[in-house]
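New page in the notebook. I want to look a few things up and jot down what turns up.

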Amino acid sequence: MWPGGPGGGDGEVVGRSATLFTAAFDQTTGVGTYVAMESFEGFLCGRSGSFSFAHSATTSGSDRTAEFFTVVPTSGTGELAGIHGAGGITVDGEGTHHIWFDYELPTAG
């Protein structure tokens, strides 16, 4: 579950996502790359619907490089139809992953 809630709460996104995730990763050295396709359903700034996004990154064990994050064009449904944008994922010191993205939505109407 993403934090927040429609019209308030801890953030502007609330909902659930499902992820198809694959990686080539060496646990001994901590080196590898992952690729993921994720589908989100819920509320974004109080607007309901769904959209998909893809993300990937490479690590040499202590960094993140070759990062990629994009909203899949034309994947938005409901009040999120027409969403587009890009973003990224940060990992804090405890290993928690935080998604951020800049997006645009068509004017509600």
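First thing to look up: which residue in strand 4 is the bridge partner of His55? I found Phe69 there.

Ground rules before I go on. The model is predicted, so I take local features only at pLDDT of at least 70 and side-chain atom pairs only at pLDDT 80 or more, while totals for chains, interfaces and linings use all residues. Residues are numbered from 1 along each chain as its sequence is written, and side-chain values use heavy atoms, with hydrogens and water left out.

**Entry: the pair around His55**

I followed the two strands. Strand 3 covers residues 47–59 and strand 4 covers residues 65–71; they run antiparallel, joined by five bridges.

**Entry: the overall layout**

Then I checked burial: 31% of the 109 residues count as buried. Buried means under 20% relative accessible area, exposed over 50%, and partly exposed in between, using a 1.4 Å probe and protein chains only. I also looked up contacts (heavy atoms within 4.5 Å). Of those with a separation of 6 or more, 38% are between residues 24 or more positions apart.

**Entry: Ser52**

Back to strand 3, where I picked Ser52. Is Ser52 buried or exposed? Ser52 counts as buried, at 17% relative accessibility. Leaving aside neighbours within four places in sequence, I find Ser52 in contact with Glu38, Ser39, Val71, Val72 and Ser75. With Ser39 there is a side-chain to side-chain polar contact at 3.2 Å. (That term means a pair of N or O atoms within 3.5 Å; within protein, one must be able to donate a hydrogen and the other to accept it, and residues adjacent in sequence count only if both atoms are side-chain atoms.)

**Entry: salt bridges**

I searched the whole structure and got one salt bridge; the term means a side-chain nitrogen of Lys or Arg within 4 Å of a carboxyl oxygen of Asp or Glu. Glu67 and Arg64 form it, with the closest N and O atoms 3.0 Å apart. Glu67 is partly exposed at 45% relative accessibility, and Arg64 is partly exposed too, at 27%.

Note on methods:
Two strands pair if DSSP finds at least two bridges between them. Helices (H or I, at least four residues) and strands (E, at least two) are DSSP runs, numbered from the N terminus.
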